[in-house]
Amino acid sequence: PRQMSKQTMGKVQAYGDLASFFRNSSLFLLDAEFENNLFWEVLCKFQESRKSAWAGNVFLEGKISLSSMIMPSGYLLLSTGTKDASIRLANYGKEKKWKIQGVTGPDESVTSFGREWLKGRKESSSGKKEFMIYSTSCLSFLKGRQAPPLKVVEPANWPRVQAWTTLFANESEPPLDCNALLSMSRAMMLKGNLFLMHKEGVGTCAMGGFGRSTPHSLVINEVFVPKELRGMGYGEELIIGLVGQAGERGKGNCILFSDYGGRQNLYDRLGFEKIVKFCELSF
């Protein structure tokens, strides 16, 4: 069952199930795989929970110009797209009386949608979080670099992982939801996607892993070095080790999100490419 809605700025097509949404949208999403990386994660979550969600595309002149879906969190996830398509979707959502908590996606899509969604409303947006999406090709990144060996986290390592995940959540700006992060760490561990790095004479000195994947990339998450060991290059080594692991797993690229501060950070120094500013707007 598909509903269509026409207006000057294009047609919104909603899909009865996520499988048909992905069948129709996957080539469009893959065109900007790094920017749209969250779509594959949300699809996995829905497949695991067997719940369904609203998912749809905005068509302009017969071609998809924006993909979107409502996530389990109640936030609307947007792809890269045109400003007109974001405005069209905001008006469609108002017609359908959507109750959404906010919107997340590439900055341009989110800003256009948010401006239209809040037009004429008393409540304004309550907050905006911003990140930068970085990426690198595993092959070119590893040229001339020696990837250090990393140890896959086992249940026996959980107490340390629990302590470090809690510190990671509390040190984030703004602080992250500790329980959500712990359940993510546990899921990463159970899938063999969380690693610890050991150094001779130092012991265990860093943690990181892969939180999700796209068809050709792994997304690096939870890169953590304890305070007393920072500034010694362990974070850099860990990233090199993780890119090495991604390459071994047959993935061509690594993606990561970093708090967007504008100043040069670890990923800039390592030569990762800035892809897009990504943001989350709460209503």
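Q: What makes Arg 186 count as lying over the face of Trp 158?
A: In this predicted model, Arg 186 is 4.4 Å from the ring centre of Trp 158. The cut-off is within 6 Å for CZ of Arg, along with within 35 degrees of the ring normal, so a charge meeting both sits over the ring. Arg 145 does likewise: its charged end sits over the ring of Phe 141, 4.2 Å from the centre.

Q: Why is the pair of Trp 54 and Tyr 92 called tilted?
A: The planes of the two rings are at 45°. Under 30 degrees would be stacked and over 60 edge-to-face, so the rest are tilted. As for being a pair, the centres are 5.7 Å apart, and the limit is within 6.5 Å. A search of the whole structure turns up 16 aromatic pairs.

Q: What does the pair of Trp 54 and Tyr 92 tie together?
A: Trp 54 is in the loop between helix 2 and strand 3, while Tyr 92 belongs to helix 3, so the pair links parts that are 38 residues apart in sequence. Trp 54 and Tyr 92 are both buried.

Q: How do you know that the span of helix 2 agrees with its 12 residues?
A: At 1.5 Å a residue, helix 2 (residues 38-49) should span 16 Å, and its end C-alpha atoms are 17 Å apart, which agrees.

Q: Which residues in helix 2 are buried, and what covers them?
A: Leu 38, Phe 39, Trp 40, Glu 41, Val 42, Leu 43 and Phe 46 are buried. Their cover includes helix 1, strand 4 and strand 13. Phe 39 also forms one aromatic cluster with Tyr 15, Phe 21 and Phe 22.

How values were computed: Residues numbered from 1 in each chain as written. Predicted model: local features only at pLDDT ≥ 70, side-chain atom pairs only at ≥ 80, totals over all residues. Heavy atoms only, no water. Helix = DSSP H or I, 4+ residues; strand = E, 2+ residues; numbered from the N terminus. Expected span 1.5 Å × (residues − 1). Buried < 20%, exposed > 50% of the residue type's maximum accessible area, 1.4 Å probe, protein only. Contact = heavy atoms within 4.5 Å. Phe/Tyr/Trp six-rings, centres within 6.5 Å; stacked < 30°, edge-to-face > 60°.
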